[in-house]
Amino acid sequence: MSTLTNLKDSDTICPKCGADWDGGDILEKLRQEESNKKKTEEELIKSASLYGWTKSNKKRFSRRVGVIDWYGYDGISQYQCPDCLQKWDRWTGNPIKKVSFDFDDTLNTESVASFAKWCIEQGYEVWVVTTRLPDHEAPNASSNKDLWEIVESLGISFSCVIFMEMVPKFEFFKEKENQDFIFHLDNDPDEIAAIKLHCPSIEAVNHIERTDWKDYLIDYLS
């Protein structure tokens, strides 16, 4: 597998796709906004100063996107390229490497849960993609109690849980922002076949049919 460049190696150019993140001089960009057309130069400079712009330090906007995990750290925890959609950890600068697990008969089994925990310890961002209904559409209030308990015990962010509402999972993975998942582990042969067909860049593995799935994925990640 290829290794993405650490974000700290470049703050203005995307390390993955090479996109230019320069958003332009802050004062000049504010001048161009229709809502600022009637402002005086003094007022524009005052507005620009709110972003840290001064005459001696003419700061520039960045196209790089700050990502907030509403269920985790209270603030920006990741940065994202607006073009290729790759994400990086805000503090380490390391690229976010995403892996996915089905829940029923997969993540709720001891062997898979243990492997998911190992993935987290290795720095991977673990997601749960399940065909279940979300809480507000589930048959009763406790329908997903077992899921949330396991997710919390493993340290998976609640924002990384996707309820497909009985829609095939490949529909989630085929979206541009989701095509960077490394693998998806499942027990449903139809889901696996559909992901392989529509999302070939994602390694879809059936842990029931492939008895060496754990060794295979550890090797695949190396």
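User: Before we start, what is a polar contact here?
Analyst: A polar contact is a pair of N or O atoms within 3.5 Å. Within protein, one must be able to donate a hydrogen and the other to accept it. Keep in mind that this is a predicted model.

User: OK. Which backbone oxygen does the side chain of N178 reach?
Analyst: That of F172, at 2.8 Å.

User: Where does N178 lie?
Analyst: In the loop between α6 (170-173) and β9 (181-186).

User: Is N178 buried or exposed?
Analyst: Buried. Its relative accessible area is 7%, and the cut-off for buried is under 20%.

User: What does N178 touch?
Analyst: K98, F172, F173 and I202, leaving aside residues up to four places away in sequence.

User: K98 again, then. What stands opposite K98?
Analyst: E125, which is in β7. Strand β6 (residues 97-101) pairs with β7 in the parallel sense, over five bridges.

User: Switching to β7. How many of its residues are buried?
Analyst: Seven of the seven, across residues 124-130. So the strand is largely enclosed by the rest of the structure.

User: Which residues cover each side?
Analyst: Y124, V126, V128 and T130 are on one side. E125, W127 and V129 are on the other. Both faces are covered.

User: And how does β7 pair with β8?
Analyst: In the parallel sense, over three bridges; β8 is residues 161-163. V128 stands opposite V161 in β8.

User: What does the chain cross through from β7 to β8?
Analyst: Helix α5 (residues 145-154). This β-α-β crossover is right-handed.

Terms used:
Residues are numbered from 1 along each chain as its sequence is written. This is a predicted model: local features need pLDDT of at least 70, side-chain atom pairs count only at pLDDT 80 or more; totals for chains, interfaces and linings use all residues. Side-chain values use heavy atoms; hydrogens and water are left out. Buried means under 20% relative accessible area, exposed over 50%, partly exposed in between (1.4 Å probe, protein chains only). Helices (H or I, at least four residues) and strands (E, at least two) are DSSP runs, numbered from the N terminus. Two strands pair if DSSP finds at least two bridges between them. A crossover is right-handed if, with the strands pointing away from the viewer, the path from the first strand over the helix to the second runs clockwise. Contact means heavy atoms within 4.5 Å.
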